[in-house]
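Subject: Structure for your review

Dear colleague,

Please find below the structure I am handing over to you. A short account of what was found in it comes after.

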Amino acid sequence: MIARHPAFAVKDADWFDAHLPGWRQSAGMRLFGTNMLFHNAASHQRLRKVMSPAFRPARLRALSEVVRTTVEHRLDLLEERARGDVVDLHELLTLPVTRSTGCALIGIPDEDGPFLYELVQPLLALLDPGTGLRALTRADRAAKTLRPYLDRLVAERRTRPRDDLASLAASSLGDDEAAAALALALAGGFDTTVTLLDHAISGLMTSPARASVASGDEEAVNAAVNEALRLASPIGLITRIARHEVTVGDVRVPAGQEVMAWICDAHRDHEHFPDPETFAPERPASRLLSFGSGPHYCLGAQLAKLEASFVLPAVLRRFPRMVPFGLPLPNDRMNVRGWTNFPVVLDP
């Protein structure tokens with residue numbers, strides 16, 4: 001896999017300077033295109049080291065109470081709805097849970113979550129191949145609002161630090177790097193995890209594994225999470241640049257060539273996954289690429305699984321007759337993919 005191949009590197013500032021000479025004039029690219037996803041080797045490790053304490057076991061245990069409380073509160077609100085009504089589970093459960101968890105991780109007031117979520121959406125389009133002028137304009141507009149918010153947060157944490165990611169960034173990074181790190185945390189904390197939750201619940205509603213997950217069986221929950229990550233990886237592709245000429249399989253890749261690896265296609269390889277379009281948690285465990293690989297392996301992977309471990313059993317236990325209603329609407333992104341709604345009937 002090219003994600004770990006030593007001949008390949010991620011795009012970095014030098015690559016952008018050579019191929020997108022005006023990128024430094026883009027507020028969106030300056031904010032989001034300079035986070036640790038776009039750093040290699042020692043530079044990447046330096047930034048990762050700053051953020052990693054926020055994802056250590058002790059911190060995740062503290063966040064688990066936020067997740068549990070939010071899940072129960074959102075389910076209580078759902079129970080107040082007419083049981084035969086169509087409800088949007090994305091808007092009323094999975095998105096609020098991931099927003100609240102992401103805000104708690106970073107150290108942001110929960111009430112700011114919806115506002116920040118809307119600002120992050122245009123930035124995620126920058127991860128799509130061939131991003132056009134219209135998307136860049138929207139990203140710039142969002143960044144010009146988001147950056148002052150993050151700057152104020154960093155400045156506050158430098159004088160009054162707390163046990164949160166914002167304080168880690170504020171204490172160890174300059175203004176630009178701190179803002180980029182927090183923008184990345186917002187994007188990762190909101191969108192990728194909600195996609196995992198949506199697809200896991202959707203698959204389980206018609207799966208024989210539903211009862212086991214509803215009972216809280218840890219092995220069943222983990223299997224459902226892994227299968228959702230396989231079938232609908234929140235990150236659709238990764239890009240790398242060849243450091244020097246290299247042959248991958250029977251393909252010669254010249255030095256400097258950009259290569260895209262489609263995670264979603266790899267997870268549907270018939271040689272590794274029989275009947276790959278089917279949600280089947282019972283299939284044998286296999287190595288997945290959804291959280292990346294090697295030095296760039298997702299820092300938030302365990303937090304995403306923690307959220308799923310609360311959400312999946314709880315929603316299936318509360319609404320044992322819940323069924324899907326029509327098809328969810330996908331977003332318009334190629335890379336950070338997901339749904340914009342998730343209609344279900346709680347008790348048909």
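The notes below concern a sheet, a pair of helices and a pocket.

Please bear in mind that this is a predicted model.

Sheet. An open sheet is formed by three strands, arranged in the order β1-β3-β6 with antiparallel pairing. Two bridges join β1 to β3 (residues 237-242) in the antiparallel sense. A9 has I241 of β3 as its bridge partner.

Helix pair. The axes of α5 and α6 lie 10 Å apart, and the two helices pack at an angle of about 95 degrees. Because angles of 65 to 115 degrees count as roughly perpendicular, α5 is roughly perpendicular to α6. On the α5 side the contact is made by H90, L95, R99 and C103, and on the α6 side by G113, P114 and Y117. By class, this contact has four nonpolar, two polar and one charged residues.

Sorted by class, the lining of the second largest pocket has nine charged, eight polar and eight nonpolar residues.

Yours sincerely

Definitions and conventions. Residues numbered from 1 in each chain as written. Predicted model: local features only at pLDDT ≥ 70, side-chain atom pairs only at ≥ 80, totals over all residues. Heavy atoms only, no water. Pairing = 2+ DSSP bridges. Helix = DSSP H or I, 4+ residues; strand = E, 2+ residues; numbered from the N terminus. Nonpolar A, V, L, I, M, F, W, Y, C, P; charged D, E, K, R; others polar. Axes fitted to C-alpha atoms, helices over the stretch in contact; angles between N-to-C directions. Parallel < 35°, antiparallel > 145°, perpendicular 65-115°, else oblique. Contact = heavy atoms within 4.5 Å.
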